[in-house]
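Please open the model in your viewer and keep the selection panel at hand.

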Amino acid sequence: MLVRLRTESVSRSLSSEGIPVPDNDRSLSQHTKYPTDDLWERTCFKLIMEDYIDHLYPLLPIVHRPSFRRALQEDRDCEDSGFLGLVLAIAAVVVATLPSRFQHYRSLSPPLQFQSRREMVSYCADRITRLRTATYFDEINFQKYAISYLLYAAFLQLGDHNQSRMLDVEAMQIARLLNLHCISQYNGLNCIETQLRKKGFWLIFYSLVHARLQNMLGERLSYLDPALLQTINPEDMMPLEVDDEYILENEVLVSRTQTPCLVTGFIIHSRVFWAAVRDPLPGHSAEEPCPCIRARDPQIQISYLHNRLQSLKYLLHDIPAILRPWGPPNEEHLNDGSTDAILRSNFATMRANIHVTHLWLQSLLIDQLEAAQTGQRGSLPASCPGYSPYKTDPKALWLEREELCRQLFFVLHTLPQASLEANGLHLAYKVRDIAASIMACPFHPQEPESKRAAEYVQDATSWLSRLDRSESINTLHLQSWVDTDRVRSEATIP
């Protein structure tokens, strides 16, 4: 089974819209062999699913790969509405993330009929909604969490932040009901389900860290509150470091090779996100001050942010060679579509994800550190023991930002375009955030630092022109919703 949970079998036939129809209406849908025939020709559908496995699975490992392949071969979407919803959500995230593949689908014969990626993603989301009955949330499983999370990721990749926020909340709610964060609640699950839920926890944890470090407007809800976060040991939640092919329902086989696998990159990426908000060393997190204490004492907040920054900075010094920024030698020769070439491409995709995220989180922490130090400098006299001129020196912080930029462009230049594209709009946002921080250069325009800053900005502009393939303007840090009650109230004021 795909996610090794009870599935929602459809005992009645499906119409062309994917909605169950009574027996006396079956004749109306006999011309439709598959429930997705109104969306795409079957060959195109299978190609989209293969593109997910080949390009996006390393970053979104939300299915058990062998079970998923088997379900596709059995055309399970014809009889299982849960699996139908899952493949629609996967199709949405593939199209939203990979613009070049969408153009390829449009060039097939017959071509994919959608005119834009947004049109297709919206249609898939609408179909998934219509598959839900009034009792849809009375029974939950990991597959339903996966559908919500994938739709959230798809709209986020499109830059549709209002829709993605709502789907993020739905995914968070199902994750909480499934107790993905509570290792004691994993008792009774089989090996496949346990591995999937651990991966699912980290995927939703990434959005939690985004919310904590980027919640500029204060509108985002959080998956875990500080008290719950204190109870989690990150090592308990790490998935087994083996590929899906070695995980069966009731046992985990021993891998025949000792080389890093795709889960290795996922684990490293998860540790990077954890280190951005908590101490990565076992047992040290419990000693950290809670957010309420940090909010009242600027010095404690500065110390906390400095510790997080130092933990992140040296976190990746001993990772496997294939995941280091420069990657393995002779990688460019593996582009023939072979299994080895796909695996190398997967590792390159993860390298981009790991290292750009690693630099981006440091940049966000420097933003917060700079704000905290500026606030402390304004409230403390220079003679105060807590005052440190070096810590509040904007030039020292700017030099740290410059080093992040230098490393960022090194990483980008060493990776193939296909691996950068697989990281989607997230990558463009992170590059933009890191590069934007270098623009407030505190040095004189004629000093070397200012000239280097101009070069970094120019380089970033060039990269963003290639990475940002969105169909809408980025409104992540803007209020992009309208309170219509407030608008009406203001309109009545004479």
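Across the whole of this predicted model, a search finds 20 salt bridges. Side chains of opposite charge can pair when their charged atoms come close.

Select Asp-75 and Lys-46 to begin. These two residues form a salt bridge, with 3.7 Å between the closest N and O atoms. Asp-75 sits in the loop between helix H2 (65-73) and helix H3 (81-97), whereas Lys-46 belongs to helix H1 (residues 42-56), so the pair ties together parts 29 residues apart in sequence. Lys-46 has 31% relative accessibility and therefore counts as partly exposed.

Next, select Glu-170 and Arg-132, whose side chains meet in a salt bridge at 2.9 Å, N to O. Glu-170 lies in helix H7 (residues 161-177) and Arg-132 in the loop between helix H5 (117-131) and helix H6 (142-158); the pair links distant parts of the chain, 38 residues apart. Glu-170 is partly exposed, at a relative accessible area of 21%.

Proceed to Glu-400 and Lys-313, a salt bridge in which the closest N and O atoms are 3.8 Å apart. Because Glu-400 is in helix H15 and Lys-313 in helix H13 (residues 298-313), this pair ties together parts 87 residues apart in sequence. Glu-400 is partly exposed, with a relative accessible area of 25%; Lys-313 is also partly exposed, at 31%.

Finally, select helix H15, residues 394-413. Its 20 residues should span 28 Å at 1.5 Å a residue, and the end C-alpha atoms are 29 Å apart, which agrees. The buried residues of H15 include Trp-398, Arg-401, Glu-402 and Phe-409.

Definitions and conventions
Residues numbered from 1 in each chain as written. Predicted model: local features only at pLDDT ≥ 70, side-chain atom pairs only at ≥ 80, totals over all residues. Heavy atoms only, no water. Helix = DSSP H or I, 4+ residues; strand = E, 2+ residues; numbered from the N terminus. Expected span 1.5 Å × (residues − 1). Buried < 20%, exposed > 50% of the residue type's maximum accessible area, 1.4 Å probe, protein only. Salt bridge = Lys/Arg side-chain N within 4 Å of Asp/Glu carboxyl O.
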